[in-house]
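Subject: Handover of a structure

Dear colleague,

Please find below the structure that I am handing over to you.

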Amino acid sequence: GRHDESAKLYAEVLRISQRIYHPRHADVGYDLKALANAMSEQGRLREADQLMQQALEIIEDANGPFSSA
């Protein structure tokens, strides 16, 4: 269905971003986060959680830690 297609498209976007940018670039992290969200919608929660953790690490490395303020 639509969730399968969106995960495939986000995976392709991630592959392109990884080729264009440095692997630890913030945009790669955001694309990884989008893929994780799509996988979560598919019920692939374990995989989604792992990808979300990677995304958060990349985004924080690139932009600094998130603040709760």
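**A nonpolar surface patch**

On the surface, Ile16, Ile20 and Tyr21 form a nonpolar patch whose accessible area comes to about 270 Å² together. Patches are built from residues with over 30% relative accessible area and no salt bridge, where nonpolar side chains (Val, Leu, Ile, Met, Phe, Trp, Tyr) are joined within 5 Å and like charges within 9 Å. Accessible areas come from the Shrake-Rupley method with a 1.4 Å probe, and for residues only the protein chains shown count as cover. Ile20 belongs to helix 1 (residues 2-20), and its relative accessibility of 61% makes it exposed. Here, buried means under 20% relative accessible area, exposed means over 50%, and partly exposed lies in between (1.4 Å probe, protein chains only).

Please note that this is a predicted model, in which local features need pLDDT of at least 70 and side-chain atom pairs count only at pLDDT 80 or more, while totals for chains, interfaces and linings use all residues. Residues are numbered from 1 along each chain as its sequence is written, and side-chain values use heavy atoms, with hydrogens and water left out.

**The chain as a whole**

The chain has three helices and zero strands, giving the pattern α-α-α along the sequence. Helices (H or I, at least four residues) and strands (E, at least two) are DSSP runs numbered from the N terminus. Along the principal axes, the C-alpha atoms fill a box of roughly 35 × 30 × 20 Å.

Of the 69 residues, 28% count as buried. The chain exposes about 4900 Å², of which carbon and sulfur atoms supply 51%. Among contacts (heavy atoms within 4.5 Å) with a separation of 6 or more, 50% are between residues 24 or more positions apart.

**Helix 2**

Helix 2 (residues 26-41) has 16 residues and should span 22 Å at 1.5 Å a residue; its end C-alpha atoms are 23 Å apart, which agrees. The expected span is 1.5 Å times one less than the number of residues. Buried residues of helix 2 include Val28, Leu32, Leu35 and Met39. The buried residues of this helix pack against helix 1 and helix 3 (45-63). Just after helix 2, Gly43 takes a positive phi of about 85°.

**Salt bridges**

Side chains of opposite charge can pair when their charged atoms come close. The structure holds three salt bridges, each defined as a side-chain nitrogen of Lys or Arg within 4 Å of a carboxyl oxygen of Asp or Glu.

- Asp61 pairs with Arg24, with the closest N and O atoms 2.3 Å apart. Asp61 lies in helix 3 and Arg24 in the loop between helix 1 and helix 2, so the pair ties together parts that are 37 residues apart in sequence. Asp61 is exposed at 54%, whereas Arg24 is partly exposed at 36%.
- Glu12 pairs with Arg15, with the closest N and O atoms 2.8 Å apart. Both lie in helix 1, three residues apart, about one turn of the helix.
- Glu47 pairs with Arg44, with the closest N and O atoms 2.9 Å apart. Glu47 is partly exposed at 36%, and Arg44 is partly exposed at 32%.

Yours sincerely
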